[in-house]
Amino acid sequence: MSSLTIDHVRKTWHAPGGLQVLAIEEVSVEVSSGEFVAILGPSGCGKSTLLELCAGLEPVSGGEIRIDGEKVAGPNPKAVMVFQEHSLFPWLNVEQNVAFGLKTKGVRADERSRRGREVLERVKLVKFARHYPHQLSGGMKQRVAIARALVGSPEFMLMDEPFASLDFQTRVLMQQFLLEIWLGFKSTILFVTHQIDEAVLLADRVVVMSASPGRVLEEIRIDLRRPRSMTDPAFNEYRVRLTSHMEREVMRAAEVE
Amino acid sequence: MARALAAALLPWVVLVGLWEIAAARGWMTTSLFPPPSSFIKFAIDSDFRVGFGKEGMTIPAAILASAFRVVAGLFLGFIAAVATGILVSMSRIASASLLPIVRGLAPIAPIAWIPVGIIVFGIGNPTAIFVVFTGVFFLLTLSTVAAVQSVDARLIKTARTFGASRPQVWAWVIFPAVLPQVFTMLRINFFAAWMAVLAAEMVGLKNGVGMIVILGREMFNPNLIMLGICIIGITGYAVDALLLFIQRKILWWKPAE
């Protein structure tokens with residue numbers, strides 16, 4: 001049973017000129033294995049920063065993050081991050097991109113190729129193994145990015161608004177794709193988004209964050225059966241509840257600025 | 001494709017045609033400004049050999065000598081500059097202390113290094129290669145440092161989340177990411193390097209296409225001068241085409257795609 005614990009985490013940035021900016025005030029979230037948790041918040045609420053802290057890309061300024069009880073002190077193969085578009089290595093083809101996480105672990109080339117193909121097979125991208133990122137559509141690039149995260153069988157996928165730059169149609173397909181992946185690979189997902197619909201559609205639980213500095217305002221369990229429909233009245237209730245939060249926070253963030 | 005080729009060739013045909021007509025009609029002094037039919041015939045008649053005794057050489061050998069000098073200098077300059085630029089970028093102290101020197105040396109035109117090369121290496125290939133190398137090395141080092149700073153942070157974070165160590169990030173992400181940008185800079189500076197090789201050949205080196213023009217002047221042979229000028233243009237064009245090919249087919253990726 002794996003778990004990710006964000007325990008009273010604080011993060012301050014040192015801005016040029018010696019200023020200190022408080023990005024995350026105090027956040028505690030608990031994610032247990034198999035869960036799909038969305039972190040919802042307006043732009044600049046520190047939700048992306050929070051993911052980078054979980055991924056061990058940045059040190060926390062206070063509190064701690066634990067994965068399976070162990071304190072996160074650096075990048076960890078148990079928790080990989082999936083970024084927005086443009087995170088594929090443009091000089092590597094699809095298969096090499098997918099196998100990147102194996103290369104850093106010193107897995108041999110033929111083994112990398114085999115496991116890369118295996119994942120590509122499961123995400124139905126095997127036909128494109130020799131394509132380069134610039135030859136793919138935005139949605140396909142994100143599927144490759146997700147496949148790349150899956151190849152090392154991580155326990156946690158930390159996703160930073162992975163579909164934000166996609167058009168509506170592609171985004172709907174990708175959300176579907178991600179749910180299939182989540183069920184198929186039995187992974188645990190911590191998903192950052194600023195879109196209410198996306199959070200309600202995908203997550204078991206939505207953590208609402210406040211605008212700068214980031215704090216947890218509320219945690220809402222989404223008790224809707226899958227597949228969920230955005231036109232369902234119950235879906236709308238969640239949407240209304242979250243929208244009021246978001247509106248208030250957006251206005252507050254505007255005042256702070 | 002055929003149309004594009006025709007569009008590219010037609011102006012040349014017109015230009016040469018006008019030149020020939022102008023010469024045939026006596027609009028210009030052919031003894032000083034011979035048309036292509038004259039100097040090409042001269043080249044064939046002289047069996048593609050120019051000069052006498054120790055100064056004698058064949059035209060193909062001259063072309064190869066000049067092309068070799070500039071390509072070798074560019075190649076070595078590129079490799080050394082990328083290596084130096086990356087190593088300097090790895091350490092803050094190194095970049096703070098070494099970059100001012102590089103910035104001071106970068107504006108020195110390749111041609112200005114010719115006397116230095118002759119004093120240090122004497123007359124010969126090493127001088128020409130040194131001139132090209134020095135002429136591009138400092139510029140490309142600066143260009144590498146700038147390219148390192150502009151590497152997409154997401155690519156670096158992605159590599160780290162997949163467990164890449166610091167040296168792996170440099171070797172597998174930053175190094176390939178900077179190559180196209182530095183190579184573009186190399187191509188921009190090719191013409192200056194090419195001129196430097198020709199100048200070195202004119203002032204000292206005893207062979208190469210620059211020497212053909214000087215022989216023409218010494219022997220007061222306008223055919224030889226015009227022939228030399230045309231060969232310089234065509235050879236330069238060919239090397240630039242080679243660089244363009246490398247840029248498009250080998251180092252084709254753009255940052256963040």
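Let's start with two helices of chain B, α3 (residues 59–90) and α10 (residues 209–218), which pack at an angle of about 130° with their axes 7 Å apart. Helices here are DSSP runs of H or I, at least four residues long, numbered from the N terminus. The axes are lines fitted to C-alpha atoms over the stretch in contact, with angles from 0 to 180 degrees between N-to-C directions. This is a predicted model, where local features need pLDDT of at least 70 and side-chain atom pairs count only at pLDDT 80 or more, while totals for chains, interfaces and linings use all residues. Residues are numbered from 1 along each chain as its sequence is written, chains are lettered from A in the order in which they are written, and side-chain values use heavy atoms, without hydrogens and water.

Who meets whom? From α3(B) come B:Ile59, B:Ala62, B:Ile63 and B:Ser66, and from α10(B) come B:Val209, B:Gly210 and B:Ile212; contact means heavy atoms within 4.5 Å.

Now to the partner chain. On the chain B side, 21 residues are in contact with 27 residues of chain A. Together the two chains bury about 2300 Å², 68% of it on carbon and sulfur atoms; that is accessible area (1.4 Å probe) lost on being put together, summed over both.

The rule finds one salt bridge across this interface, and the side chains of A:Glu52 and B:Lys157 meet in a salt bridge at 2.7 Å, N to O. The rule asks for a side-chain nitrogen of Lys or Arg within 4 Å of a carboxyl oxygen of Asp or Glu. As for helices, α7 (153–161) and α8 (166–188) of chain B each supply at least two residues of the side that touches chain A, and α7(B) gives the most, with seven residues.
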